[in-house]
Amino acid sequence: MSIVGGTLMIVGSLLTMIGGIGVIRFRDLMSRVHAAAKAPTLGLMLVALGAAIEIGTFDAAVALVLVVVLQLLTSPVATHVLARASYGQVE
């Protein structure tokens with residue numbers, strides 16, 4: 001099981017890194033917001049799943065599910081607020 005958990009954590013970390021690179025490399029505001037919202041959310045989900053597999057206890061799995069649920073609830077709202085505040089500021 002450690003190979004599966006480790007692979008999931010590495011893939012999740014790579015997705016989060018790709019999202020960070022997208023924020024730096026993309027030119028358009030909406031493209032940057034999209035990169036900042038989508039890739040890190042999926043990356044966190046994969047890292048949490050890998051950590052739950054690695055740890056292997058029910059308490060850790062419940063805590064990691066709560067982390068993912070909170071991320072899924074707050075990320076769209078935060079991204080929308082950031083995009084709305086930034087939209088009028090960009091030329």
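Tutor: Start with Arg 84, which is exposed because its relative accessible area is 65%. Exposed means over 50% relative accessible area, buried means under 20%, and partly exposed is in between (1.4 Å probe, protein chains only). Those areas come from the Shrake-Rupley method with a 1.4 Å probe, and for residues only the protein chains shown count as cover.

Some ground rules come next. This is a predicted model, where local features need pLDDT of at least 70 and side-chain atom pairs count only at pLDDT 80 or more, while totals for chains, interfaces and linings use all residues. Residues are numbered from 1 along each chain as its sequence is written, and side-chain values use heavy atoms, with hydrogens and water left out.

Arg 84 sits in helix α3. Helices (H or I, at least four residues) and strands (E, at least two) are DSSP runs, numbered from the N terminus. Across the chain, Arg 84 and Ser 31 are 53 residues apart in sequence, with their C-alpha atoms 14 Å apart.

Now α3 itself. The helix covers residues 58–87, 30 residues in total. Its first and last C-alpha atoms are 43 Å apart, close to the 44 Å expected at 1.5 Å a residue. The expected span is 1.5 Å times one less than the number of residues. The helix is kinked, however: a bend of about 30 degrees lies at Thr 74, shortly before the proline Pro 76. The bend at a residue is the angle between axes fitted to the seven residues ending there and the seven starting there.

Which residues of α3 are buried? They are Ala 60, Leu 64, Val 68, Ser 75, Thr 79, Ala 83 and Ser 86. Their cover includes α2, residues 29–55.

Leaving out residues up to four places away in sequence, Ser 75 touches Ala 37 and Thr 41. Contact here means heavy atoms within 4.5 Å. Both Ala 37 and Thr 41 are among the buried residues of α2.

With residues up to four places away in sequence set aside, Ala 48 touches Leu 64 and Val 68. The geometry of α2 agrees with expectation, because its 27 residues should span 39 Å and its end C-alpha atoms are 39 Å apart. Just after α2, Gly 56 takes a positive phi of about 80 degrees.

Ile 18 is another α1 residue, exposed at 51%. Together with Ile 10, Leu 14, Met 17 and Ile 21, Ile 18 makes a nonpolar surface patch of about 480 Å². Patches are made of residues with over 30% relative accessible area and no salt bridge; like charges are joined within 9 Å, nonpolar side chains (Val, Leu, Ile, Met, Phe, Trp, Tyr) within 5 Å. A salt bridge is a side-chain nitrogen of Lys or Arg within 4 Å of a carboxyl oxygen of Asp or Glu.
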